[in-house]
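Visitor: Hi! Could you walk me through this protein model?
Guide: Happy to, let's look together.

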Amino acid sequence: MMTSQIENVTAQDFEEKVLHSDLPVLVDFHREVCLPCQKLWPTIAKLAQAYGEGERIRVYKSEDDQLFERLKVQFVPQLILFIGGKDHWIDRNIRSLEGLQKEIEEILERK
């Protein structure tokens, strides 16, 4: 079971939490029963902690079917980084904490 202090985001609060955020937002689209999602989860929790748990980047998780449909998320785990309300990166591969941080930092440097 995945447990963390990371908040959920749903279709109802997506605009407020993600699209209108003053910080970049990483959303982890997952399913509790998904083994690759469970394998990735500790890395996501460490990533949130490494970025100051909302001080530099906000991290949310979602299992909301309406949000999956809205964003056309078909496979899990899927990570989407939003900056200024736009998705700048989509990742469907399981990566190390260092690999995720490197990709995020490269995107942040360009923006």
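**Around Leu-26**

Visitor: Which residues is Leu-26 in contact with, leaving aside its neighbours within four places in sequence?
Guide: Leu-26 is in contact (heavy atoms within 4.5 Å) with Leu-47, Ile-57, Arg-58, Val-59, Tyr-60, Leu-79, Ile-80, Leu-81, Trp-89 and Ile-104. This is a predicted model, where local features need pLDDT of at least 70, side-chain atom pairs count only at 80 or more, and totals for chains, interfaces and linings use all residues. Numbering starts from 1 along each chain as its sequence is written, and side-chain values use heavy atoms, without hydrogens and water.

Visitor: How many residues has the largest nonpolar core?
Guide: The largest nonpolar core has 19 residues, and Leu-26 and Trp-89 are among those with the most contacts inside it. Such a core is a set of buried (under 20% relative accessible area, 1.4 Å probe, protein chains only) Ala, Val, Leu, Ile, Met, Phe, Trp, Tyr and Cys residues joined through side-chain atoms within 4.5 Å.
Guide: Helix H2 (35-50), strand E3 (78-83) and helix H4 (97-110) each supply at least two of its residues; helices are DSSP runs of H or I with at least four residues, strands runs of E with at least two, numbered from the N terminus.

Visitor: New topic: what order do the strands take in the sheet?
Guide: The order is E2-E1-E3-E4 in an open sheet with mixed pairing; strands pair if DSSP finds at least two bridges between them.

Visitor: Why is one side of E2 and of E4 left without a neighbour?
Guide: Both stand at the edges with a single partner strand each, so one side stays without a neighbour in the sheet.

Visitor: And what stands opposite Leu-81?
Guide: That's Trp-89 in E4.

Notes. Buried means under 20% relative accessible area, exposed over 50%, partly exposed in between (1.4 Å probe, protein chains only).
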